[in-house]
Amino acid sequence: MQIDVLTLFPAMFEGPLSDSMMGAARLRGLLDFQAHDIRNAAEDAHRSVDDTPYGGGGGMILRVDVLTRALETLQPAEAPVILLTPQGRTFSHQIASELATHDRLILVCGHYEGVDERFRHYVSDEISIGDYVLTGGELAAMVVIDAVVRLQPGLLGAEHAATQDSFATGLLEGPHYTRPREFRGESVPDVLLSGHHAEIERWRRKQALRRTWERRPELLKTAPLSEEDARLLGEFAREWSLLRLAGER
Ligand code: 6GU
């Protein structure tokens with residue numbers, strides 16, 4: 001997959017996209033990443049990319065002529081152009097899966113107070129990574145890139161296929177354990193040491209349901225659930241109301 005980013009701060013991407021899984025994806029040819037400096041598209045002597053807003057008010061606005069010139073150095077390209085902005089649709093696993101189906105993405109990082117409104121006609125999508133304001137779109141772009149690239153076939157081993165992820169299954173994952181078997185008096189649950197694969201799978205499903213029920217109950221409305229799942233949830237609900245009656249919750 002090819003990902004191009006238009007940014008005023010290309011150096012911000014160096015560490016995050018060279019290390020760990022993103023670095024591995026690039027070495028293995030699963031990610032062809034390039035950051036392009038928007039300032040290279042500036043034309044005046046001062047290489048200015050932004051200006052004060054018409055009508056007054058504070059802050060600086062990225063210029064539409066500079067942004068489109070930067071974009072057109074990458075085009076024509078059959079690729080979605082995604083503007084990172086707190087006004088975009090909120091990023092999710094579903095959006096990551098959708099973006100992962102493209103061969104190429106172009107991400108544009110907004111900065112300062114925002115971009116000239118007329119630039120919106122040149123983008124196909126606008127994404128935010130949550131309801132808080134960052135100083136620029138770069139960190140958001142890196143979040144999107146990480147979530148999309150880790151879905152590329154061949155990056156994760158078959159054992160940790162992305163299909164088992166929280167949000168792919170619609171549930172949070174249950175607890176995980178590794179050595180040591182006992183730590184400061186706390187042991188690993190016996191079932192995990194039993195070698196009974198079917199029982200372990202049943203236990204894991206139950207734990208995932210419990211954790212989701214406790215922490216993100218709204219996910220249960222849309223997660224695909226079996227009859228056995230529904231029965232387990234009924235069990236938790238009864239347990240919980242008993243605890244409440246006993247004044248423990
Ligand atoms: Cl995409 N950009 C900025 N500046 N702030 C954000 C964001 C994006 N997503 C959440 N906050």
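Reader: Is F236 buried or exposed in this structure?

Author: Buried means a relative accessible area under 20%, exposed means over 50%, and partly exposed covers the values in between, for a 1.4 Å probe and protein chains only. F236 is buried, with a relative accessible area of 1%. Before going on, please keep in mind that this is a predicted model, in which local features need pLDDT of at least 70 and side-chain atom pairs count only at pLDDT 80 or more, while totals for chains, interfaces and linings use all residues. Residues are numbered from 1 along each chain as its sequence is written, and side-chain values use heavy atoms, with hydrogens and water left out.

Reader: How many aromatic pairs does a search of the whole structure find?

Author: A pair of aromatic rings is described by the distance of the centres and the angle of the planes. Rings of Phe, Tyr and Trp (for Trp, the six-membered ring) pair if their centres lie within 6.5 Å; planes under 30 degrees apart count as stacked, over 60 as edge-to-face and the rest as tilted. The search finds four such pairs. One of them joins W213 and F236, with 6.3 Å from centre to centre and 45° between the planes, and it is classed as tilted. This pair links distant parts of the chain, since W213 belongs to helix α5 (residues 197–215) and F236 to helix α6 (residues 227–245), 23 residues apart. Helices (H or I, at least four residues) and strands (E, at least two) are DSSP runs, numbered from the N terminus.

Reader: Which kind of pair do W213 and W240 form?

Author: The ring centres of W213 and W240 are 6.1 Å apart and their planes stand at 85°, so this pair is edge-to-face. Because W213 lies in helix α5 and W240 in helix α6, the pair ties together parts that are 27 residues apart in sequence. W213 is partly exposed, at a relative accessible area of 24%, and W240 is also partly exposed, at 33%. Ring pairs link W213, F236 and W240 into a cluster.

Reader: Where are the bounds of domain 1 and domain 2 in the chain?

Author: Domain bounds come from an automatic or database domain assignment. Here domain 1 covers 2–149 and domain 2 covers 182–248, and the C-alpha centres of the two domains lie 41 Å apart.

Reader: What does the side chain of D125 make a polar contact with?

Author: A polar contact is a pair of N or O atoms within 3.5 Å; within protein, one must be able to donate a hydrogen and the other to accept it, and residues adjacent in sequence count only if both atoms are side-chain atoms. The side chain of D125 makes such a contact, at 2.7 Å, with the side chain of R89. D125 is placed in strand β8 and, at 15% relative accessibility, counts as buried. Contact in the wider sense means heavy atoms within 4.5 Å, and, not counting residues up to four places away in sequence, D125 touches V81, I82, L83 and R89.

Reader: What is S128 in contact with, leaving aside its neighbours within four places in sequence?

Author: S128 is in contact with T85, P86, G88, R89, T90 and F91 once those neighbours are left aside. S128 lies in strand β8 (residues 125–128) and is buried, with a relative accessible area of 3%. A polar atom of the S128 side chain lies 3.1 Å from the backbone nitrogen of G130.

Reader: Which residues lie nearest the centre of the second largest pocket?

Author: On a 1 Å grid over the protein atoms alone, a pocket is an open set of points where a 1.4 Å probe fits, with protein on both sides within 12 Å along at least five of seven lines, and lining residues have an atom within 4 Å of a point. Grid points are joined across faces, edges and corners, and a volume is the space filled by probe spheres set on the points. The second largest pocket is lined by 24 residues, of which L84, T85, P86, E113 and G114 lie nearest its centre. The elements giving two or more residues to this lining are β5 (81–90), β7 (114–115) and β8, and the largest share, five residues, comes from β5. The space in this pocket is about 390 Å³.

Reader: Which residues does a cis peptide bond join?

Author: Most residues other than glycine have a negative phi, and most peptide bonds are trans. In this model a cis peptide bond, with omega about 5°, joins R179 and P180, and P180 is found in the loop between α4 (138–149) and β9 (182–183). As for phi, S20 has a positive value near 50°; S20 is placed in helix α1 and counts as exposed at 59% relative accessibility. R47 has a positive phi near 55°, lies in the loop between β2 (32–37) and β3 (50–51), and counts as partly exposed at 37% relative accessibility.
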